[in-house]
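This report describes how copies of a chain meet in an assembly. The sequence and the structure come first, and the contacts follow.

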Number of protein chains: 4
Amino acid sequence: MSSEIPALVADKISPRAKELLAKVTKFVEEECQPAEVILESQIPSDPSKRFLNSYPAIIDTLKAKAKKLGLWNLFLSNIHYREGVALSNLEYALIAEQLGRCPVASEAMNCSAPDTGNMETIAKYGNDAQKKQWLTPLLNGDIRSAFVMTERFVASSDARNINLDIKRDGNEYVLNGTKWWSSGAGDPRCKIYLVMGKTDAANPNPYKQQSVVLVPHNTPGITVERALSVFGYDDAPHGHCEVSFKNVRVPVSNILLGEGRGFEIIQGRLGPGRIHHCMRSIGVASVALELMLLRVNDPNRQTFGKPLSQHGTILEWIAKSRLEIDAGRLLVLNAADQIDRSDAKGALKNIAMAKIYVPSMALTVIDRAIQAHGAAGICQDFPLARMWASMRTLRLADGPDEVHMNQLGRLESKKVKELAETYKKRLARTEQLIQQMGITLKDHLELKAKF
Amino acid sequence: MSSEIPALVADKISPRAKELLAKVTKFVEEECQPAEVILESQIPSDPSKRFLNSYPAIIDTLKAKAKKLGLWNLFLSNIHYREGVALSNLEYALIAEQLGRCPVASEAMNCSAPDTGNMETIAKYGNDAQKKQWLTPLLNGDIRSAFVMTERFVASSDARNINLDIKRDGNEYVLNGTKWWSSGAGDPRCKIYLVMGKTDAANPNPYKQQSVVLVPHNTPGITVERALSVFGYDDAPHGHCEVSFKNVRVPVSNILLGEGRGFEIIQGRLGPGRIHHCMRSIGVASVALELMLLRVNDPNRQTFGKPLSQHGTILEWIAKSRLEIDAGRLLVLNAADQIDRSDAKGALKNIAMAKIYVPSMALTVIDRAIQAHGAAGICQDFPLARMWASMRTLRLADGPDEVHMNQLGRLESKKVKELAETYKKRLARTEQLIQQMGITLKDHLELKAKF
Amino acid sequence: MSSEIPALVADKISPRAKELLAKVTKFVEEECQPAEVILESQIPSDPSKRFLNSYPAIIDTLKAKAKKLGLWNLFLSNIHYREGVALSNLEYALIAEQLGRCPVASEAMNCSAPDTGNMETIAKYGNDAQKKQWLTPLLNGDIRSAFVMTERFVASSDARNINLDIKRDGNEYVLNGTKWWSSGAGDPRCKIYLVMGKTDAANPNPYKQQSVVLVPHNTPGITVERALSVFGYDDAPHGHCEVSFKNVRVPVSNILLGEGRGFEIIQGRLGPGRIHHCMRSIGVASVALELMLLRVNDPNRQTFGKPLSQHGTILEWIAKSRLEIDAGRLLVLNAADQIDRSDAKGALKNIAMAKIYVPSMALTVIDRAIQAHGAAGICQDFPLARMWASMRTLRLADGPDEVHMNQLGRLESKKVKELAETYKKRLARTEQLIQQMGITLKDHLELKAKF
Amino acid sequence: MSSEIPALVADKISPRAKELLAKVTKFVEEECQPAEVILESQIPSDPSKRFLNSYPAIIDTLKAKAKKLGLWNLFLSNIHYREGVALSNLEYALIAEQLGRCPVASEAMNCSAPDTGNMETIAKYGNDAQKKQWLTPLLNGDIRSAFVMTERFVASSDARNINLDIKRDGNEYVLNGTKWWSSGAGDPRCKIYLVMGKTDAANPNPYKQQSVVLVPHNTPGITVERALSVFGYDDAPHGHCEVSFKNVRVPVSNILLGEGRGFEIIQGRLGPGRIHHCMRSIGVASVALELMLLRVNDPNRQTFGKPLSQHGTILEWIAKSRLEIDAGRLLVLNAADQIDRSDAKGALKNIAMAKIYVPSMALTVIDRAIQAHGAAGICQDFPLARMWASMRTLRLADGPDEVHMNQLGRLESKKVKELAETYKKRLARTEQLIQQMGITLKDHLELKAKF
């Protein structure tokens, strides 16, 4: 299905980007979506072989096709990255929406998380040696990567709590601790971990205690303990893994940016990545709405004398879903445009809004679609239940909704001082008017109360 | 407060429009808002003098100032109207947001409903004589007008039910029936009614039975029976009136567009008007959020040891309100832009979305602000309760939410045919792939089920 | 309409109470509801005569009838009050539901706020002289009263902030300060104020600073400054008043219970009163649902070819409203029963739940009814808009929802300690089982994590 | 944890039932919950061995213990069934709440779906031979059963659409068709299917076309095609199965009740079963709230300087969850009591309310608990994600919410006629009053409008 480009955006997409968008749309529709079931059939059902073992062969076919078509690494905007392609964040956002329509599309075009965020991070903060060793093969799609940050026994939503120990020992860092939700670490192609931990736990500034270190997956002392399931899905072979580090040693040159700069890195990497996630989620929600439309118009599914689509409630579900998807799309595109105009920092509020709004919205839309499908909606015959589970993680990943809500509330509250000034001036002007007009206000008392 | 122009919109506003917007913003802030309490003091408290009697003198002062500043009739876009100003609907939308911030601002700049819709209607469908007689004084702000359509004893949300009788008798039309919610008919300056009724009740096509006739307010047989209140507010002197017509005679030349063309007229007039309403509502919601911000940061209002703003729930209210207002603004601006690019018909879905989303959203934001103000929020000391009441009407005016929801659902459902085609092709492609790859799908059965 | 007594409650209502309930129901239906419009016609429309001037004569007629029928002071349960009638709180709750169906019914049977709470307070905390002087005429319905507590410039939802000054001067207390939302103070029959203020602002225990003093309405120094409106309604002649106290002197014998015991008093009086409010609100919501049922089944109100009641969305509104009203009724009745079994303190959580749930629920039900009525729902032709406004105050009166939510959350959290104990034992038992069975758990690690 | 018996219910539970409830509570807490992980470890991970193969051995241990304690078949009330135990539905409802706290508890006490409904069905409609053959071993817990009704290619929420073909051929019925969501058919102990299909598709009365036939699981022609997953969970070995019937022959004596009486059967079996489901769901939601309480009070999980429980939003989650669970419990208990007082038919509205309210409520509570747990909440380390998935099915099982909403709306609408009568009388009484009092109502017009 062609992307719905809102009126406000239409003129801001270059002809080249429009062409790319059309190619991506076609590629998703004609190559990726038909391959979904084949991909599923290529993942072993034997639980002992689902991770660190193989990956679906069709991925390589799709990647080769995408590369040939020039549909490769489109996420990396040359506005912010030397290695990037000539696409604005706004333009790529529309492409990401298409990618979201099919679980295999992002990887097919080398645009899948967490690689994208990791590539951005290395591109932004890595030195030339680091780039050569890890960014190049990642950009080529030869290897994959993991961002290894969250920990099980602390409240990771406040990143200051992260406390895997990174101790310097001569020319090496020694890592000890356990991580979980290391997404992608189950894939046999995952060769490099970006690991966050504490190099300076005693630093009085809690934002200076953390560092990020590049750790090859096969460094001695690393064990992938198990894969976590999301609702009942294990997302093999990608996987969300618990990984332990026991005296894992890497050369000090593997540090990214420098000691104590972990916070800088995680803050820098999140902006555009969140926008990508959000736009993919818009794509997911759109597919759910399409499935709902098809289902409720199925002539074989009449209840109480009329097709489901004739029931008023169902029409409302469709209307609300359309509305909510479109509102979400505009919020995300506006945030993407704001990033292009300033940077992720200047778009902090816009990104927070998109991050808060979109996953919940998508969950609502998918849930309506599930309800419209009846029991079929919750089983493996439709992608809806899996979509829902995957979307549910996004209300937690990169910080739970509540953290972003709090941040947004605080940012908005910064206006108070200026507001108070304005309202005071207004009151002064009113009093001036009252005197000029020589009138007496019966409720002068109330007037004062208003401010 | 300056308007928040979203990133997506910034480049689409001409320098001239930006200048106008700045002037409007300043005029609202410095002239209109300080005058609010004075205006209230100029409305008689004696119930027998609130309607068809006088209007607040300060209005004329403000109108004179606005005219001098060139802030006049900005609602009428020259994209669609010869008499209009050089502003796109998108540009005016941002101006309308500012107008919404203050109840007196729209009228001060001759941009208030129902005059705006009536002027658009006469400009679009009136002949030269009609324009000369009524459009000119309306554009000058010399008179006001009413749109007289809704009836009490039928379900007016289905306009085919409207049944005031309009019978031709020689060179005259004779009107008999009763209307209500004729907004503005309580104002002594209201000189002209646009009355909808049935000229041809027997027409088998229910959309050809209705006509719109221009009826001077003082035509014999017209009685303004009473004013309706809105949650206790009578909105004097404007008023929402019940008006009876007993053998009211007007020349046949007073018909607008022609007999049986009433539906055409009401459909034609609603698009941009709804956008204006929505953007004004965005302005209303923004003021409510500002008031909430000021209140919860009032250092004198600590509860349980901390200012209200430190309570997590309140921060969420602020965050959600900011988010919802911004989502609403984008939806409306996108609809306005779509009208500029095509016309109201091409923007049907976008207008419906804005019309559904914005009033409910504004009610939610205002309600949060009320709750944050405690009992002060529901009384006359703050504008919040009145805002809420006025916003509540918008979930019913121009059709209740449910009608628009239904329409939006039906419009979206038109995609089904194309969708079914696409999904069928996708399935065919999958089967082709399966054969090419010589694989057997264990769950081929499921594959089929997916479509 | 007869009260819907839930199955769980049926056997708990004595025959005498059932008979009373039937009589009340009949009296409300046949005497009170038909008198509503007459009552309205007996309130002067001239704003200067609406307060402290007259009250509707029909009230006295209704009171006389009610007294004769023995439908008098039913709110005062003899379980807790010597002066009370032989009705449990549970039984009276069903009666209060009926009272809520009609704005005039409570007063007609001498069961209206704030008199009920004030009578309970004096009955519970007053000495014999105080009872003789004020409780007797209140119980007779000869006078009315006000509870004068809330203040405008502090956050009254935290009652410790209340700070009207009460200074002892010899044998007198001298009151200085301003109050607002003194409900009932606008009625010419209101003869006695229960005023809360600070007698000991310097007390380190913030719960010991406050006292409640009985102040006759005509004590020199008292001025009723103005009436506050609720949305657009002024609730004349009852009124929600702003009242100032300037050197108002009362004998020290007018103190209730004793100096510094204000908190004790306000905490003691709220339990059953909240239950009454809630049950009346259930009655209000029931009327709204009835009006909705009548409206959507009006054969003259077809839209798009079918009566409103055939639209799926409307049926859902009816179903949800029925469900929500019934859930609310059960919550309130259960709280009332809990008060009967223990006392208000033992029912703290139940009362909080009722107080949080019911007003919001009623607002939702009324709002649906308004929407189903179209514009008719928001004007004076139906009681819905007024109901809504009056119900909206209950999300703030006696503390905003958020305060009760917070309290309920804290009460529930007290379980944590016992819970932790239980879960620990369970884990121990699991480990014992594992050993007994001689099995090895592959995911023993996860097992630990669960607790 | 002990069951929270609401005040309204306390006196309605017999001492014997209270003793049983206490024993059940203890058994669940001390035997069932500690065994959960052991049970999980006894289900093979190899996908080819999860169904029709084995079942966890610990189940038999638990069943033996429960039987010995007399905690057996408590679901079958002797109010309605000769074979039943001396417990009212209300009393059993409290027990079912405890069973819901642990996934293994219901089966341990032979109270698990779909066996319970099937036993009720055979007890109510089966003849002596059928009872002897199937009811006896089911009541003994020797075998299990499935209710085989839903079909994949029709909208089963309207049961008239069910169309598996049942043709009589001499002394046999021949079954042809495919079913799905046959819950329990994956268990190797499942020996008997209750199959619904059409024996008389041509009958003009669509409610007479269906019959229910008893079909032994190993009858030739039956194939269990596959197990459906629920959000990734396959619920092995129980399973939700797709089952095909190809020329499956059973003697005509296997029909239940008689040809064409299928509707009677499915309507008769649902009432108490829905109550059981609902009360178990209350138990599930209670566990989720407990887990949330434990998590947010975990001293190791501070964010931004305070434990999660100190964040206002979290306290609101706790308060709302407590409130919603308690409201749901009262709704269900009231419905159970209503069944005891009349029968399932007399409790139609109450059952519908419980069925609509409880699953959605439980989903909300669980979702809050998940959010409070962060990523831990969606994985296998806590039961929350699985609870959510399982609860989600209940918004569809036994008919989607929307069907029950519709039914409830229609039942409530039956009041309209009586209501209209009442309101008419009230109006007449008002007019009488007006005349008696000799007054003129200024707004007599409005008065009329009110009715």
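## Basis

Two residues are in contact if their C-beta atoms, placed from the backbone, lie within 7 Å. The model discussed here is predicted.

## Chains D and A

With that cut-off, 100% of the interface residues of chain D are also interface residues in chain A, so these copies meet through the same surface. Each side is counted separately: chain D gives 36 residues to the contact and chain A gives 36 residues. On the side of chain D that touches chain A, the elements that give two or more residues are strand 8 (302-303) and helix 11 (384-393) of chain D. Helix 11 of chain D has the largest share, with four residues. By class, this side of chain D divides into 17 nonpolar, 14 polar and five charged residues.

## Chains A and B

Chain A can likewise be laid on chain B, here with an RMSD of 0.0 Å, by a turn of 180° and a shift of 0.0 Å along the axis. The two copies are thus related as by a two-fold rotation axis. The same surface serves both, as 100% of the contact residues of chain A recur in chain B.

This contact takes 65 residues from chain A and 66 residues from chain B. Several helices of chain A give two or more residues to the side that touches chain B, among them helix 2 (15-41), helix 8 (262-296), helix 9 (312-341), helix 10 (348-373) and helix 13 (416-436). Also included are helix 1 (7-10), helix 12 (401-413) and helix 14 (444-449) of chain A. The largest share, 15 residues, comes from helix 9 of chain A. The side of chain A that touches chain B has 36 nonpolar, 12 polar and 17 charged residues.

## Annotated domain in chain A

An unreviewed UniProt entry carries the annotation "domain: Acyl-CoA dehydrogenase/oxidase N-terminal", which covers residues 16-142 of chain A. Over residues 16-142, chain A is 61% helix and 0% strand. The end C-alpha atoms of this stretch are 27 Å apart.

Notes
Residues are numbered from 1 along each chain as its sequence is written. Chains are lettered from A and ligands numbered from 1 in the order in which they are written. This is a predicted model: local features need pLDDT of at least 70, side-chain atom pairs count only at pLDDT 80 or more; totals for chains, interfaces and linings use all residues. Copies are superposed by least squares on the C-alpha atoms of residues with pLDDT of at least 70 in both. UniProt positions are given in the numbering used here, feature names are shortened, and annotations may be inferred rather than shown by experiment. Ala, Val, Leu, Ile, Met, Phe, Trp, Tyr, Cys and Pro count as nonpolar, Asp, Glu, Lys and Arg as charged, and the others, Gly among them, as polar.
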